[in-house]
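Subject: A structure for you to look at

Hello,

Here is the structure I promised to hand over. Please open it beside this email and follow along as you read.

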Amino acid sequence: MTEKFDAIIVGAGPGGCAAAYSLAKIGFNVLMLERGKYPGAKNVMGGRMYAHALNRLIPEFWKEAPVERAVTREKLTLLCDKASVTLDFSDEQLLEPPNSFTILRAKFDQWFAGKAIEAGATLVPSIRVDDLLWRNKRVAGIVAGGDALEANVVIAADGAVSLMAEKAGLAKFAVKEFAIGMKEIIEMPAQVIEDRFNLASTEGAAQLFIGQCTKQIPGGGFIYTNRASLSVGIVVYISQLIEKRIEAHEIIREFNSNPAIAKLIAGGKIMEYSAHVIPEASRTGLFTDGMLVVGDAAGLLVNSGFTLRGMDMAIASGMTAAQVVKIAMERNDFSRKTLSHYEYLLKNDFVLKDRETFKRAPEFLQNARLYSLYPELACRLFHRLALVKGEKKRAFDELLEETKGERGQMLLDMIKGMRAL
Ligand SMILES: Cc1cc2nc3c(=O)[nH]c(=O)nc-3n(C[C@H](O)[C@H](O)[C@H](O)COP(=O)(O)OP(=O)(O)OC[C@H]3O[C@@H](n4cnc5c(N)ncnc54)[C@H](O)[C@@H]3O)c2cc1C
């Protein structure tokens, strides 16, 4: 007789590893399958993880995990062609306890999967799961490379374009639901990074950019400081990229060549380039008979413009899925009735609460004025405040005069922004 697992987890990203670690720790027989050569091999991420979720699972994980820098400096830059305005927020309280860390996924995911293995889970890399195994109209396992493997529960942790969720009829993908992220890792000596971003040796910076860097397409850029490299990238809406017939690589080239960014990355060596989709809308379902969906596969991501959070959502949903599998094992009932407890628990935790709080953000962030008019106004204002060439008018008076016809719209945008973010 072939072995039947308590749980099979498809995908060894943060969602899968959190579920595998939690289940293995309580003694369940867990198999985690990963299509990459190793966990993290296929993963792309901007590189900042908010710490709270993993801190619940592995208290003070940063003492052993391969984190890069603890972020203490947050910058928001409004970019124009030749000028930029930066808001620079630095706060040492963000270290007590650490709020977020920059990480490199290839290292981090391997460490996290290693924790799951140490706890007793089995990881098989280089296996692509092709299908779900069905018995009596319920998910009863998976099919990979022609082999069927059985489990009481399958946890789909296979990322944004989840084949498992689609096969279970829980997701239908539409282009407008996705943004695309492109990222480069640029090698740079630690001392140069610390000088350029004004950082102490273990501290890190997260800098976001909006305005003249995405070819007028809604979205933005980011730079995260690692120990001896920068994660540099762009996130834009795919539908608009297609509509405007712009190639993804053209945008990243334009971003890198903007004078404000070029100065920060000058002298660095591009070590890696990758691109990946980001879900912007929830899927139709989080569970079915014999299956739970976690992380990006369930569309559990919050993009509020200032914070992009997928990792903490994936980790928390993986932990919650494990909690529900435990309940199902105790009841020996893996039907959707018992598994529906998953949604209930997520609704009572930050995962679905935050998705609800920020549900208007994706629509608000598609407003073109955020990327053209407002950065332009900020740059014009500071240009006038700074420039002295003889007689001088009050900068605010001039700007108010120039925006006379647009003030109603601007007020409306402000109200929408306050509601969405
Ligand atoms: C450019 C970019 C920047 C981002 N920046 C941030 C950020 O700064 N902070 C943040 O919190 N989030 C960020 N995100 C989002 C974050 O990366 C995701 O939300 C997070 O990785 C989701 O974790 P997950 O475990 O659900 O999925 P993933 O990390 O995508 O892991 C899924 C795993 O499943 C494997 N897999 C897929 N299909 C199969 C299959 N059929 N068989 C076997 N294995 C399979 C994949 O190889 C992968 O290892 C960013 C995303 C992008 C694209």
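Let me begin with a term: a salt bridge here is a side-chain nitrogen of Lys or Arg within 4 Å of a carboxyl oxygen of Asp or Glu. Side chains of opposite charge can pair when their charged atoms come close. Please keep in mind that this is a predicted model.

**Salt bridges**

How many salt bridges does a search of the whole structure find? The count is 26.

Asp 109 and Arg 105 are both buried.

Buried or exposed, or something in between? Lys 215 is partly exposed, at a relative accessible area of 26%, and Glu 254 is also partly exposed, at 23%.

Then look at Arg 384 and Glu 398, a salt bridge in which the closest N and O atoms are 3.4 Å apart. Arg 384 comes from helix α14 (residues 373-386) and Glu 398 from helix α15 (residues 395-402), so here the pair ties together parts that are 14 residues apart in sequence. Glu 398 is partly exposed, with a relative accessible area of 26%. This pair also belongs to a network of salt bridges that links Arg 380, Arg 384, Glu 398 and Glu 402.

**A charged residue with no salt bridge**

Now find Glu 203, in strand β12. Which side chain of opposite charge is nearest to Glu 203? That is Arg 73, 6.2 Å away. Because a salt bridge needs the nitrogen within 4 Å of the carboxyl oxygen, that distance does not qualify, and Glu 203 is buried yet has no salt bridge. Leaving aside residues up to four places away in sequence, Glu 203 touches Arg 69, Ala 70, Thr 72 and Leu 95.

**A hairpin and its turn**

Strands β8 (residues 131-135) and β9 (residues 138-144) run antiparallel and are joined by 5 bridges. Within this pairing, Leu 132 stands opposite Ile 142 in β9. The two strands form a hairpin with 2 residues between them. One to pick out in the turn is Asn 136, which has a positive phi of about 50° even though it is a residue other than glycine. Asn 136 is exposed, with a relative accessible area of 78%.

Ser 126 is another residue with a positive phi, about 55°, although it is not a glycine. You will find Ser 126 in the loop between β7 (122-124) and β8, where it is partly exposed at a relative accessible area of 48%.

**A cis peptide bond**

Where is there a cis peptide bond? One joins Glu 96 and Pro 97, with omega at about -10°. Pro 97 lies in the loop between β5 (84-90) and β6 (100-103).

**Inside and at the surface**

In helix α12 (residues 350-357), the buried residues are Phe 350, Val 351, Leu 352, Asp 354 and Arg 355. What covers them includes the helices α2 (52-57), α9 (311-331) and α11 (341-347), along with the strands β18 (302-303) and β19 (308-309).

Ala 298 is in the loop between β17 (291-293) and β18. With a relative accessible area of 2%, Ala 298 is buried. Its C-alpha atom is separated by 7.4 Å from that of Gly 285, which is 13 residues away along the chain.

For a contrast, turn to the surface, where Leu 411, Met 414, Ile 415 and Met 418 form a nonpolar patch. Together they have about 430 Å² of accessible area. Leu 411 lies in helix α16 (residues 407-420).

Enjoy exploring, and write back with any questions.

Best wishes

Conventions. Residues numbered from 1 in each chain as written. Predicted model: local features only at pLDDT ≥ 70, side-chain atom pairs only at ≥ 80, totals over all residues. Heavy atoms only, no water. Pairing = 2+ DSSP bridges. Helix = DSSP H or I, 4+ residues; strand = E, 2+ residues; numbered from the N terminus. Buried < 20%, exposed > 50% of the residue type's maximum accessible area, 1.4 Å probe, protein only. Lys, Arg positive; Asp, Glu negative; His and termini not counted. Contact = heavy atoms within 4.5 Å. Patch = residues over 30% accessible without salt bridge, like charges linked within 9 Å, V, L, I, M, F, W, Y side chains within 5 Å. Areas by Shrake-Rupley, 256 points an atom, 1.4 Å probe, with all protein chains shown as cover.
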